[in-house]
Amino acid sequence: MTVEVVKNYINGKWVESKAKETRDVFNPATGEVIAKTPMSTKEETLEAINAAKAAFERWRSTPALTRVRYLNRIRDAFEENFEDLVKTLTMEQGKAIDESRGEYRRTIENLECATSIPSLQMGYNSEDISAGIDEMVIKQPLGVFFCVAPFNFPGMVPTWFWPFAIGVGNTYIVKPSEQVPLSQVKQFEIIHEIGLPRGVLNMVHGGSEAVNTLIESPDTVGMSFVGSSRVGKLLFKKTGEYGKRAQVQGGAKNFLTVMPDADLEKTIPALITSFYGCAGQRCLAGGVLLAVGDIYEPLKEMIVEAAKKYTTGNGLEEGVQMGPLASNAGMDKVLKFIQSGIDEGAELLLDGRGIEVPGYPDGYFIGPTIFDKVTRDMTIAKEEIFGPVIPIMQVKDLDEAIEIIHANPYGNASSVFTSSGKTARDYQYRVKTGNIGINVGVAAPVATFPFSGMKDSFLGDLHDQGRDAVEFFTENKVVITRWF
Ligand code: NAD
């Protein structure tokens, strides 16, 4: 099998990169190399910026209703190619095929939500702010925006941004994760057929050289970053130095608190999906299970039973619940976390290491894993594991749970499971995480709501999706008018 180097998409054309350096793309279930990503050079990235810049004036003056008609057509084409898109996603990322379907539903929802832009982008006005003088706000696009995407949701994450960015009249550059470029290639192949005007939407593959060029160019206006907090903080600082708008969605450690009055029958499946969905590689994945008071024993027993039944395998096979980790390096990192749990004194109740998946000896598999007797100072209680591991801690009450949540530097999401409205209300009022689940294990906002995040999980002020996205991608220009 010949392994192709994926192409950039610049100014409505597929362009071969001249980069000397490439990175292998693997099928994580088999360990096979399925493509190569070019580490695009500064010159190539500048070409994309120039194309987006050249397309801007014409595109911004295209009526909003016409602009969103393109989004509608892309949406329809994504629906028509749904299963193809889904398969490509699982092939490069590993997640179970049904999880890829879920990811593409969310992708399409973002396109659908962005088609409301003709209404969402309307400004506002006041007559007679002084006698005979009127004032209005018009929401204008700014120019060339770009995103830098992570490896865990290669189909969906860029659509948190570009449908809104181009919907309001900006032009755009997508920089996919070099680990999983194929989902974006597939999407751009579909978008190419739609006849979107040249230069409105471009894609450049690569790593830090491409990203630094995008930030440093005087012809870009803003960045949306999704990835680790370490890299996000670096890039946030840099965008500040270059006077760019930025929204940075970083890492997470999400605590799920189960109160003594929780309905365990209904809670267990939600917990399992939260910790093991996408093999734990979700910024909204459960990070630590906090069992309050005497729910601890029955909860522990039931979750171990449920985890034992959770199936691991090649995500492409229907019915498999959990696929492999997305990369060998990712798997090694999770194995190190498991070792740290053992070394630091946690009790391993269920060990997913060395799981055998018949027919796939070279896949990056780790099965469901559970640690008990976890204490707050342990590495697995504090850091983002990004793998299928449940650390369980017993706490005495809600106050202790909240204290533990607040001691962690992240603030992406958290959940409480309870049958008390009062407890739920207290929880949502007090807890400093951007997304809160009440009897919901994965508090993932739909496209009409902002994907929130606090503390080290989010830098910036306006979030992606919905009305926040429209604000991020527009300038509120004030016009004050007097006629003599
Ligand atoms: P990462 O930070 O390693 O990479 C993210 C992107 O940054 C990639 O496109 C990569 O090419 C680029 N990059 C990496 N180093 C760079 C550098 N020095 N200079 C410029 N660009 C650089 O993250 P990842 O491993 O791909 O993604 C996993 C992380 O993403 C997890 O921490 C997860 O929680 C987080 N995430 C957060 C959200 C959210 O909404 N908060 C959503 C998905 C993933």
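View 1. The ligand is surrounded by 27 residues, of which Ala149, Glu178, Ser228, Gln249 and Glu384 are the closest (a residue counts as near if one of its heavy atoms lies within 4 Å of the molecule).

This is a predicted model, in which local features need pLDDT of at least 70 and side-chain atom pairs count only at pLDDT 80 or more, while totals for chains, interfaces and linings use all residues. Residues are numbered from 1 along each chain as its sequence is written, and side-chain values use heavy atoms, with hydrogens and water left out.

**View 2. The crossing of helix 1 with helix 8.** Helix 1 (residues 42-60) and helix 8 (residues 208-216) have axes that come within 9 Å and cross at roughly 45°; helices are DSSP runs of H or I with at least four residues, numbered from the N terminus, and axes are lines fitted to C-alpha atoms over the stretch in contact, with angles running from 0 to 180 degrees between N-to-C directions. The two helices are therefore oblique to each other, since angles under 35 degrees count as roughly parallel, over 145 as roughly antiparallel, 65 to 115 as roughly perpendicular and the rest as oblique. Lys42, Thr45, Leu46 and Ile49 of helix 1 meet Glu209, Ala210, Thr213 and Leu214 of helix 8, contact meaning heavy atoms within 4.5 Å.

**View 3. Helix 8 beside helix 9.** The axes of helix 8 and helix 9 (residues 229-241) come within 9 Å and cross at roughly 30°, and the two are therefore roughly parallel to each other. From helix 8, Val211, Asn212, Ile215 and Glu216 meet Leu235, Lys238 and Thr239 of helix 9.

**View 4. The packing of helix 10 with helix 11.** Helix 10 (residues 264-276) packs with helix 11 (residues 296-309) at an angle of about 55°, their axes being 10 Å apart, and these helices are therefore oblique to each other.
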